[in-house]
Amino acid sequence: MPRSWNEIDWDADVPDFAEIVASRDQIVWSQVPVTEPALEPLLRQLAATHVNGGYLLARFRAVAYPDATAWYLSRNRFADYHFLRFFFSDAVVREGLRDLKIPEKPDDGSFEEQWAGSLCLDGLLAGLIVNGGAYKAFDGPAREAKAIATAAVEALTQNRFEDFRVDISHAPWTPWFHDIAWDITYVLTDLANAEVTVLCVTDTD
């Protein structure tokens, strides 16, 4: 069994450079369905307000990976491992998010990752709902948006907040984004289950 991403093996040796390089090609990704019903209200709001853009949602599970991967991710050293760059360049991920038009070899700096704690995610998604897109905004009270976002986060995390890492980018890092003011990508990494959920949103005026 490979080492978990949420349990540090303090006795494990630091992987050498050759192990790190080889490990990135040894991660085997499989797309898995996103089936949580509590996400539907959030997605309906995104579709209703981002009328000239839209959203993309997909989830992937690492069904096999070497110890070197777990060594870095369990220590929250995603940037040192260049995790997102190699995740998004994987053929399975690129096919699963084909509408995103991910470059075959994304640049390290294109995503502009910004780490955010999982405890803040419901507020961020509530703000996304309330602010809406270029021409459409949420027509309900903020408390309703907050409830929708809270239910979505509970469905995504099962309230296992300590098991999740959240990365965010406002960069138009693929041609799918409109590069105006409404580009955002959320990447939720479930360390306990070696799963990554990606939500991208864009719009234009």
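Select Arg165 and Asp167. Their side chains form a salt bridge, with the closest N and O atoms 2.7 Å apart. A salt bridge here is a side-chain nitrogen of Lys or Arg within 4 Å of a carboxyl oxygen of Asp or Glu. Arg165 has 7% relative accessibility, so it counts as buried. Asp167, at 0%, counts as buried too. Buried means under 20% relative accessible area, exposed over 50%, and partly exposed in between (1.4 Å probe, protein chains only).

Some ground rules before moving on. This is a predicted model, where local features need pLDDT of at least 70, side-chain atom pairs count only at pLDDT 80 or more, and totals for chains, interfaces and linings use all residues. Residues are numbered from 1 along each chain as its sequence is written, and side-chain values use heavy atoms, leaving out hydrogens and water.

**Strand β4**

Strands (E, at least two residues) and helices (H or I, at least four) are DSSP runs, numbered from the N terminus. Of the 6 residues of β4, 6 are buried, so the strand is largely enclosed by the rest of the structure. Phe164, Val166 and Ile168 point one way; Arg165, Asp167 and Ser169 point the other way.

Pick Val166. Its bridge partner in β5 is Leu188. Ala116 also has Val166 as its bridge partner in β4. In total, 6 bridges join β4 to β5, and 3 join β3 to β4. Both pairs run antiparallel.

**The whole sheet**

Zoom out. Strands pair if DSSP finds at least two bridges between them.

Select Asp190 and Arg160. They form a salt bridge at 2.9 Å between the closest N and O atoms. Asp190 lies in β5 and Arg160 in the loop between α8 (142-157) and β4, 30 residues apart. Both are buried.

Last stop: Arg77 and Asp80, another salt bridge (2.9 Å, N to O). Arg77 is partly exposed at 33% relative accessible area, and Asp80 is partly exposed at 45%.
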